[in-house]
There are 2 protein chains.
Amino acid sequence: MKYSRNFYEIRANDEIFQKIVEEKSSVGYYRLPYEDITHIESFAKTVTQKDIVVLGIGGSSLGTYAIHNFVKHKENDKKLHFLESTDPLDVAYRLKKIDLDDAFFILISKSGHTIETISNLKYILSLVKITNKNCAVISELDSALSAYANSQDIKIFEIPKDVGGRFSVFSPVGLLPLAIMGLNIEQLLNGCKIVSESFFEKGEYYESIIKKARFMVENKNRFNINVIFSYSSLLEGFNKWYIQLWGESLGKLNINGTKQALTPIGLLGPVDQHSFLQLIMEGKRDKTVTFIKVEDFENDLTIPDITIDALEDMDYLNNIKFKDLINMQADATIQSIEDVKDIPCDVITIERVDEFNIGKLMFAYQLLTSVIGAFIQINTYDQPGVESGKLILKKRLQH
Amino acid sequence: MKYSRNFYEIRANDEIFQKIVEEKSSVGYYRLPYEDITHIESFAKTVTQKDIVVLGIGGSSLGTYAIHNFVKHKENDKKLHFLESTDPLDVAYRLKKIDLDDAFFILISKSGHTIETISNLKYILSLVKITNKNCAVISELDSALSAYANSQDIKIFEIPKDVGGRFSVFSPVGLLPLAIMGLNIEQLLNGCKIVSESFFEKGEYYESIIKKARFMVENKNRFNINVIFSYSSLLEGFNKWYIQLWGESLGKLNINGTKQALTPIGLLGPVDQHSFLQLIMEGKRDKTVTFIKVEDFENDLTIPDITIDALEDMDYLNNIKFKDLINMQADATIQSIEDVKDIPCDVITIERVDEFNIGKLMFAYQLLTSVIGAFIQINTYDQPGVESGKLILKKRLQH
């Protein structure tokens, strides 16, 4: 047997770090926090419509959804809508909520040829006139969608060629709709920068990311499921974004043709204490669990000092702030998992519910994904496995 | 070594079937489709408020959410809300959308002592007067919550002792809020009955359920992840309900103390073609995949015959109905998975988007869960693993 120098091996942490540093010249997302965003902010200010409609799917909508979902209590009085599915009842239901005459459409497709997005666009075109007054396009500059935008004098924001869809949230893909919704995209990028600098200068984030990645890779066949258990409903969108980022980036054949085993799951506390937690506690030990907590929700909603007839024994809840209750619930669940000893578990704490902190969290998860990809020797940034389905569909549609 | 007659073994299909038949005397959900529902329907008609607020978590809300999510296009002009989390920003955000003076509250807790539900109830009590005019309670008859209801002359609907939360959707837990929303709960139960009769008379549903359960159990260590890939956004709630049902029922130690390995994941097509599909196609072969398709959405929304400048090559989409497009997308994905040969995969087809068909689907999944539980020799109906976290929390709260 010929010796293959690519045969699977865990490389040294520093070798992996060097590989990530080298990636910076060919992988675009690393530089996004440092790009000039003034043209995005100034364009956003000119949008006067009330209903903001994102037409995009997958990487073109999930990141925006995740951030908006987290900080939507800070948005202006506009309303954000997403049109992504081809489910007719879903499309009809979503459109009912949009005032088409007071709507601004953001068409997002990196390739410009996304079937779901173009189908929805065609349908929208039959309902309302699309002009440079109520539309912007986000795409690669040489795509057919950009050519369409040029033909209509519609403003184009670029998705750089070297930024993949699921790594594009800090490009105009996420920044433009979020800025239009009145959210602070500068603070969002500041959060990314803190993480980026700490990682690349081998600070705290380097230590935590490389350590976690290494653990997950070394144990990927034993713990093939990676659960994120977020103790805030506001992280529902983040969970979905994480699932795409993790699944599509890491679900690959590596350079030796070995299928990789990391599978993401997103849970929300306390709701999923009443659902998936039983499986974590007593099911097979095939899961790692990462808890995400919010240190301070900056909201003083309090359980009032009210005694309910026959429920006097629940008075211990009185005068407790909801923000303290949910964190006590998180801590109790964490404790119960730590007590069983054989479930790998870590805790991420977000300081506050703002743009800066969600920027930090999401950029750190992008870095973690890249580092794991480097460890398992895959191409983190492509998605060859979804092409066959697309080809089958296209062939059938064109008949 | 002493021979243990409980040592793990796959039992004969017919032995399992007999076990399920015997369960009918102690497990209540099997009889729910046959209960009298006229008192629920007539009470529902008396509710005049516009905002219907379900206070409940886990099994007290997920089933209702799943069915409502599927057939919400058929609802009356009321609006359904759920209050379940203790996230303060989430509670505040949801309450903003409710007109408390024109709201009807449905308090649901089997035990009557659910922390999240009582916390939210106390908060609601500080905002609005709760009386028998704007409230109903669904609980065990001897719970403290029922005692509270009695003290206020509030109508109580019973959750039978032998019906667990996650198997309670066809009890008043699901039926009352759905009936108030104008949905046809009789048709819902008719769907259940069809499946129940076919299963217990060893018809088509017996064959398909026992076969699928057996396959999953025999291969549970190789394929420890069970994906449902639903090709309709309307099944998002069903996916969540399935995750609770499967995870909490099957994530157990069996009678030999062996931790079981089945882990549920819910995906939505076509959206998750742009996310998780890559992982299914090229990740480790640790997943079974069940596709769910809707045969006829009964909606003729059509991609119009419009040519977009520079996107003329997408004209093959013109004149295609969305309902046909989404099913072609499903078929293409199914084909691409079948083509790789080593991913176990089956397809469930729902005929129409109505109460009857979601009743069929959900009752069949309850039966499938029971049958798998019988095969792997666990108690499908308890959840001992979540108790330790609850005790830790209660101890800390009472200090």
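1. In this predicted model, the residue of chain A that comes closest to the rotation axis is I265(A), whose C-alpha atom lies at 3.7 Å from it. The axis in question belongs to a rotation of 180° with 0.0 Å of shift along it, which superposes chain A on chain B with an RMSD of 0.0 Å. The two copies are thus related as by a two-fold rotation axis. The same surface serves both copies, since 100% of the contact residues of chain A recur in chain B.

2. The contact between the chains takes 96 residues from chain A and 96 residues from chain B. On the side of chain A that touches chain B, at least two residues each are supplied by α4 (88-96), α5 (115-125), α6 (144-151), α10 (236-250), β7 (263-268), α11 (277-282), α12 (322-339) and α14 (387-397) of chain A. Of these, α12(A) gives the most, with 11 residues. By class, the residues of this side divide into 48 nonpolar, 32 polar and 16 charged.

3. Within chain A, two domains are assigned, domain 1 covering 28-183 and domain 2 covering 187-375, and their centres, taken over C-alpha atoms, are separated by 28 Å. The contact between them takes 18 residues from domain 1 of chain A and 23 residues from domain 2 of chain A. The side of domain 1 of chain A that touches domain 2 of chain A has 13 nonpolar, four polar and one charged residues.

4. In chain B, an open sheet of four strands runs in the order β7-β6-β8-β9, with parallel pairing. Strands β7 (263-268) and β9 (345-352) of chain B stand at the edges, each with a single partner strand, so one side of each is left without a neighbour in the sheet. Neighbouring strands of this sheet are turned by 20° against each other on average, direction ignored.

5. Further into the detail of that sheet, strand β6 (residues 225-230) of chain B and strand β8 (residues 287-296) of chain B pair in the parallel sense over six bridges, and I228(B) stands opposite T290(B) in β8(B). Helix α10 (residues 236-250) of chain B packs on the sheet, where it touches β6 and β7 of chain B, and its direction makes about 175° with that of β7(B).

6. A cis peptide bond deserves a look in each chain. In chain A it joins G269(A) and P270(A), with omega about 0°, and P270(A) lies in the loop between β7 and α11 of chain A. In chain B the peptide bond from G269(B) to P270(B) is cis, with omega near -5°, and P270(B) is found in the loop between β7 and α11 (277-282) of chain B.

7. D102(A) is found in the loop between α4 and β3 (103-108) of chain A, and with 12 C-beta neighbours inside 10 Å it counts as exposed. Leaving aside neighbours within four places in sequence, D102(A) is in contact with Q49(A), K50(A) and D51(A). The C-alpha atoms of D102(A) and K50(A) are separated by 5.9 Å, although these residues are 52 residues apart along the chain.

Definitions and conventions: Residues are numbered from 1 along each chain as its sequence is written. Chains are lettered from A and ligands numbered from 1 in the order in which they are written. This is a predicted model: local features need pLDDT of at least 70, side-chain atom pairs count only at pLDDT 80 or more; totals for chains, interfaces and linings use all residues. Domain bounds come from an automatic or database domain assignment. Two residues are in contact if their C-beta atoms, placed from the backbone, lie within 7 Å. Ala, Val, Leu, Ile, Met, Phe, Trp, Tyr, Cys and Pro count as nonpolar, Asp, Glu, Lys and Arg as charged, and the others, Gly among them, as polar. Two strands pair if DSSP finds at least two bridges between them. Axes are lines fitted to C-alpha atoms, for helices over the stretch in contact, and angles run from 0 to 180 degrees between N-to-C directions. Copies are superposed by least squares on the C-alpha atoms of residues with pLDDT of at least 70 in both. A residue is buried if 20 or more other C-beta atoms lie within 10 Å of its own, exposed if 12 or fewer, and partly exposed in between; C-beta atoms are placed from the backbone.
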